[in-house]
Amino acid sequence: MPQILAALTIVLLVGAVLGRVVVLRKSGTRAMHFGELDKTDFLIPPVALFYFYTLFAAAFGWPLVSGQRFFRSTPLAWLGVGLCLGGIVILVLSLVAFGNSFRVGIDTEHPGGLVTTGIFAVSRNPIYVGFFLFLVGQFLVFPNWIPLVYLVGGTWLFNRQVLREEEFMRQRYGQEYIEYCSRVRRYL
């Protein structure tokens with residue numbers, strides 16, 4: 001049961017992000033800027049699809065690349081489901097706080113305002129914190145080398161993107177962003 005719930009949280013996660021992009025598009029805001037500054041970002045979708053398939057395969061008994069498990073623990077699997085749901089809650093709180101400033105990728109032409117309230121008063125990058133919790137949760141539910149590689153790789157990619165965004169934010173918002181950084185931590 002935790003495996004099925006954890007797999008279904010993927011639908012919630014992707015649906016929350018894509019839903020927000022669609023809502024913003026209908027209001028006239030182009031929120032999808034993925035891959036515009038770094039063309040290597042286009043490698044992420046096929047890699048993500050492989051990850052999604054791997055987790056759904058493990059949950060629903062489809063053919064797997066590897067069925068090896070590092071451990072079997074129902075309590076850890078349920079903890080993993082809780083972390084996945086917690087990550088989604090953080091993501092949704094971030095999307096709400098972002099308002100019309102939400103972008104996927106860096107929007108150099110119409111970036112929106114600097115958001116420092118709501119969950120952004122606790123973390124400068126709550127979306128990435130939510131994604132990290134989600135990946136940890138998925139690993140606890142599906143303790144295999146593939147989710148582990150994605151956890152490590154995802155953490156590296158999140159940090160890389162945060163550093164890119166921070167450089168842009170310093171240039172765009174100047175002293176206001178620097179003061180925000182002095183008050184609020186990068187992650188937690």
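**Helices and buried residues in a predicted model**

Biologist: Where does Phe-158 lie?

Modeller: Phe-158 lies in helix H5, residues 145-173; helices are DSSP runs of H or I with at least four residues, numbered from the N terminus, and strands are runs of E with at least two. This is a predicted model, in which local features need pLDDT of at least 70 and side-chain atom pairs count only at pLDDT 80 or more, while totals for chains, interfaces and linings use all residues. Residues are numbered from 1 along each chain as its sequence is written, and side-chain values use heavy atoms, leaving out hydrogens and water.

Biologist: Is Phe-158 buried or exposed?

Modeller: Phe-158 counts as buried because its relative accessibility is 16%. Buried means under 20% relative accessible area, exposed over 50%, and partly exposed in between (1.4 Å probe, protein chains only).

Biologist: Which residues does Phe-158 contact, leaving aside neighbours within four places in sequence?

Modeller: Those contacts are Tyr-128, Phe-131, Phe-132, Leu-135 and Tyr-187, where contact means heavy atoms within 4.5 Å.

Biologist: Changing topic, where is Gln-138 found, and what is its relative accessible area?

Modeller: Gln-138 is found in helix H4, residues 126-141, and is buried, with a relative accessible area of 0%. Not counting residues up to four places away in sequence, Gln-138 touches Ala-6, Thr-9, Ile-10, Tyr-51, Leu-55 and Cys-84.

Biologist: Which residues of H1 are buried?

Modeller: Among them are Ala-6, Thr-9, Ile-10 and Arg-20. The buried residues of H1 pack against helix H2 (44-60), H3 and H4.

Biologist: How do the axes of H1 and H3 cross?

Modeller: The axes of H1 (residues 2-26) and H3 (residues 74-98) come within 9 Å and cross at roughly 10°. The axes are lines fitted to C-alpha atoms, for helices over the stretch in contact, with angles from 0 to 180 degrees between N-to-C directions. H1 and H3 are therefore roughly parallel to each other; that label covers angles under 35 degrees, with over 145 roughly antiparallel, 65 to 115 roughly perpendicular and the rest oblique.

Biologist: Which residues make the contact?

Modeller: They include Leu-5, Thr-9 and Arg-20 of H1, and Trp-78, Cys-84 and Leu-95 of H3.

Biologist: What does UniProt list as "transmembrane region"?

Modeller: The unreviewed UniProt entry lists residues 43-64, 76-98 and 127-152; UniProt positions follow the numbering used here, feature names are shortened, and annotations may be inferred rather than shown by experiment. In the model, residues 76-98 are 100% helix and 0% strand, with end C-alpha atoms 32 Å apart. Residues 127-152 are 88% helix and 0% strand, and their end C-alpha atoms lie 17 Å apart.
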